[in-house]
Amino acid sequence: MITLTNVRKEYNSEVSIGPVNLEIPAGGITSLVGPNGAGKSTLLTMIGRLLGMDSGDIKIAQYDVSTTKSKDLAKILSILRQENHFITKLTVRQLVGFGRFPYSQGRLTAEDEKIISRYIDFLHLTELEDRYLDQLSGGQRQRAYVAMVLCQETDYVLLDEPLNNLDIAHSVQMMQHLRSAAQEFGRTIIVVLHDINFAARYSDFICAVKSGEIVEFGTPEQVMQDHILTDIFNTPVKVIEGPDGLLACYH
């Protein structure tokens with residue numbers, strides 16, 4: 001599991017995160033939700049050690065994020081940030097291959113190539129694998145980056161808004177891919193989402209963040225309640241029973 005103990009990040013006297021105490025169970029998908037500026041991405045990047053914390057401890061499967069060597073951490077944890085500055089003259093296959101760097105140090109073996117192909121196929125990128133990144137749509141490029149992260153074959157995967165640049169159909173496909181990755185490959189996936197209904201449909205757990213604090217954590221059934229969502233998002237929300245589970249309605 002991922003355990004955060006008294007984690008704090010202070011930007012100034014008015015903006016801070018924490019103290020956060022949280023246990024994210026191993027396995028499945030946990031979605032971080034909340035209004036803009038709540039601290040979702042900050043929490044994710046601290047877990048992924050891309051952002052330092054001012055105090056507290058974060059442990060991933062008993063590894064201390066602050067003290068574990070980067071080469072060891074990269075074999076248990078992978079992360080995809082919102083902003084990815086891509087190199088245009090890089091093919092999809094070359095990008096996905098970067099996920100093998102913690103193991104191959106750039107010298108790809110036959111086994112690495114097989115693993116790269118597995119995730120290219122898994123994200124339905126086979127016909128695009130020889131295309132350069134600047135020849136792809138935003139959605140196709142996003143799938144390539146997710147394939148790269150999965151190709152790292154870590155038990156824990158952190159994704160910051162992977163539905164960016166995706167329309168509804170491709171957002172559904174992406175969440176279905178992540179659901180399959182959690183089930184077929186046994187991954188623990190932590191994902192920042194803006195759409196509470198996507199979180200409710202595909203998550204095992206929802207972690208609601210507001211003003212730098214964890215205000216709710218539970219199953220979709222526990223979190224998807226009128227008064228809870230109304231308080232989290234500062235707007236009236238009515239939860240109804242949809243054809244595939246609970247839906248949040250707002251206007």
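Predicted model: local features only at pLDDT ≥ 70, side-chain atom pairs only at ≥ 80, totals over all residues.
Q: What does the area buried between domain 1 and domain 2 stand for, and how much is it?
A: It comes to about 1500 Å², with carbon and sulfur atoms giving 68%. Buried area means the accessible area (1.4 Å probe) that two parts lose on being put together, summed over both, so this figure takes in the loss on either side. In domain 1, the residues that lose the most area to domain 2 are Lys75, His177 and Arg187, together 33% of what that side buries. Residues are numbered from 1 along each chain as its sequence is written, and side-chain values use heavy atoms, leaving out hydrogens and water.

Q: Why is Gln152 called buried rather than exposed?
A: Buried means under 20% relative accessible area, exposed means over 50%, and partly exposed is in between (1.4 Å probe, protein chains only). Gln152 has 14% relative accessibility, so it counts as buried. You'll find it in the loop between α6 and β7 (156–160). Leaving aside residues up to four places away in sequence, Gln152 touches Ala74, Leu77, Ser78, Gly99, Arg100, Pro102 and Tyr103.

Q: What makes helix α1 count as largely enclosed?
A: First, the label: helices (H or I, at least four residues) and strands (E, at least two) are DSSP runs, numbered from the N terminus. In α1 (residues 40–47), seven of the eight residues are buried, so the rest of the structure largely encloses it. Those buried residues are Lys40, Thr42, Leu43, Leu44, Thr45, Met46 and Ile47. Just after α1, Arg49 takes a positive phi of about 60°.

Q: How do you know that the buried residues of α10 sit on the same side?
A: The buried residues in α10 (residues 226–233) are Ile228, Leu229 and Ile232. They cover an arc of only 90° around the axis, which means they are on the same side of α10. The arc is taken from the directions from the helix axis to the C-beta atoms. Among the elements covering these residues are α8 (196–202), β9 (205–210) and β12 (245–250).

Q: What makes Tyr119 and Phe185 an aromatic pair, and which kind is it?
A: There are four aromatic pairs in the structure. In this one, Tyr119 and Phe185 are 5.3 Å apart centre to centre, with 65° between the planes. Rings of Phe, Tyr and Trp (its six-membered ring) pair if their centres lie within 6.5 Å; planes under 30 degrees apart count as stacked, over 60 as edge-to-face and the rest as tilted. Therefore this pair is edge-to-face. It joins distant parts of the chain, 66 residues apart: Tyr119 is in helix α5 and Phe185 in the loop between α7 (168–184) and β8 (188–192). Tyr119 is buried at 0% relative accessibility, whereas Phe185, at 26%, is partly exposed.

Q: Why is the pair of Phe198 and Tyr202 called stacked?
A: The planes of Phe198 and Tyr202 are 20° apart and the centres 6.3 Å, so both values pass the limits for a stacked pair. Both residues lie in helix α8, four residues apart, about one turn of the helix, and both are buried.

Q: How do you know that Arg201 sits over the ring of Tyr202?
A: A charge sits over a ring if NZ of Lys or CZ of Arg is within 6 Å of the ring centre and within 35 degrees of the ring normal. Arg201 lies over the face of Tyr202, 5.3 Å from the ring centre.

Q: What makes the phi of Asn6 and of His124 worth a look?
A: Most residues other than glycine have a negative phi, and most peptide bonds are trans. Asn6, in strand β1 (residues 2–10), has a positive phi of about 50°. His124, in the loop between α5 (110–122) and α6 (138–151), has one of about 55°. Asn6 is partly exposed at 43% relative accessibility, and His124 is exposed at 56%.

Methods:
Contact = heavy atoms within 4.5 Å.
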